Structures are given as structure tokens and as C-alpha cells.
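Please examine the sequence and the structure shown below.

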Amino acid sequence: EAKAVLITTGSTRRKLDIPGADIFEHKGITYCASCDGPLFSGQDVTVIGGGNAALETVAQLAAYCKSVTIIIRGERFRADEITVQKVLSLPNVKSVTNATLLEVRGKTFADTLVYKKTDTGEKVEHKTAGIFVEIGLLPITNFAASLVERDQWNHVKVDPRTQRTSHPYIWAAGDCTDGLYHQNNIAAGDAIKALENIYLAL
């Protein structure tokens, strides 16, 4: 019965979907380097993902981990070239390309990531103390699917000047929108912009 609605539901991490991933979540598999990275200081760790977020995670971990291996599915990284070159040049960083992830193994904690090299067919059992997953975010917008327009990734489409959606009395801000950048400070600014526009519209 509200006069207006502001959607700020954010997004959730895309989860690793292979056997063992659910068993070892928070037991060697983590989705937050800032939160859990220091726990793996001095150890050999692995990062999954090829975008800027994954490369930034590698750079962060390389500062205090013994080694960092970044594994990607394709042949090329999606991150910008300058970042890729800078991060891969670090002495304790190595990359694995053309890898299809098969399984996570371990006892109490994950200790092995199994993958197959798609270019050679080789099956590799990669030993690692920690697995950091950076394979993207999923916007939390399904509850509004019948109310507002969304893009191909299910982000709510908004007018960047006002944060208004396709519905005249619904606004949205933050990671759930199709905004170009998704960061905490930008989300807060977008929400303030939306509230200003709601005040004027009502």
C-alpha cells in the first residue's frame, strides 16, 4: 500500500557448481578474500575466475600467501590487459588456462581441486590450501520480475539520472540494477539519488 518502492536488494555470489563445492564451503572454499584471505597466510592458494575481481583477489592474496594459482575456463582473461599483465608478473603467481573444473576433494578441509585441461585432455589434481571463488554476482531481483523491466542478466533497468525503473512508482539502486559500476559507495549514492527523485515525484 506504499506510494513508492525503492529496491535495494543487491546481489549474491555465483557459487561454484561442481561435486564437493557445497561440502567444503567455508572449509577451504571461500567467496571473500578480504574476509578469509589472512587465514591462508604463508600457504598455497587458488583463485577461480578471470575478471577484474578475480585478478584483484590474486593481487591481494599474493601479498601474504606463499603462492597463488589463478584458473580460468577459457584461453584469455576477461580482465583488462594492464591488470592481467601486472598481476601475472608477480613472482608467486601462476595461471592455468583452458581448465574445466571437475571436483573439490579433501577430508575435514578442501585440499585438492581436480580439473581437466581442455586443450590437452590431461586431468590434473591440483593441491591447494584454499580456493577463492570469483566468478561473478547474481542480482536478487526475481521477486520483481513481473513488475519492472530487467536486462539479460536480470539486473533491474533504471534511468541513470533518477534511478527510476520502467514502473512509474518503483525505483532501484545498487548491485541489483544495470548500473555500469557496482561498488558500495556508488550504491549509496544511487540510493540517495533515488530518494531525491521519489521526494520530487510524490
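A residue is called buried when its relative accessible area is under 20%. The model considered here is predicted. Phe132, at 2% relative accessibility, is therefore classed as buried. Phe40 also falls in the buried class, because its relative accessibility is 11%. Across the protein chain, which has 202 residues, 41% are buried.

The number of aromatic pairs found is one. It is formed by Phe40 and Phe132, whose ring centres are 5.4 Å apart; the ring planes meet at 75°, so the arrangement is edge-to-face. Phe132 belongs to strand β10 (residues 130-133), whereas Phe40 is in the loop between α1 (33-36) and β4 (44-48), so the pair ties together parts that are 92 residues apart in sequence.

A further ring has a charged neighbour. Lys15 is placed over the face of Tyr31, 5.3 Å from the ring centre.

The wider architecture can now be described. The protein chain contains four helices and 12 strands, and its C-alpha trace spans about 60 × 35 × 30 Å along the principal axes. Of the contacts in the protein chain with a separation of 6 or more, 55% involve residues 24 or more positions apart.

Finally, the surface and the charges may be considered.

Notes: Residues are numbered from 1 along each chain as its sequence is written. This is a predicted model: local features need pLDDT of at least 70, side-chain atom pairs count only at pLDDT 80 or more; totals for chains, interfaces and linings use all residues. Side-chain values use heavy atoms; hydrogens and water are left out. Rings of Phe, Tyr and Trp (its six-membered ring) pair if their centres lie within 6.5 Å; planes under 30 degrees apart count as stacked, over 60 as edge-to-face and the rest as tilted. Helices (H or I, at least four residues) and strands (E, at least two) are DSSP runs, numbered from the N terminus. Buried means under 20% relative accessible area, exposed over 50%, partly exposed in between (1.4 Å probe, protein chains only). A charge sits over a ring if NZ of Lys or CZ of Arg is within 6 Å of the ring centre and within 35 degrees of the ring normal. Contact means heavy atoms within 4.5 Å.
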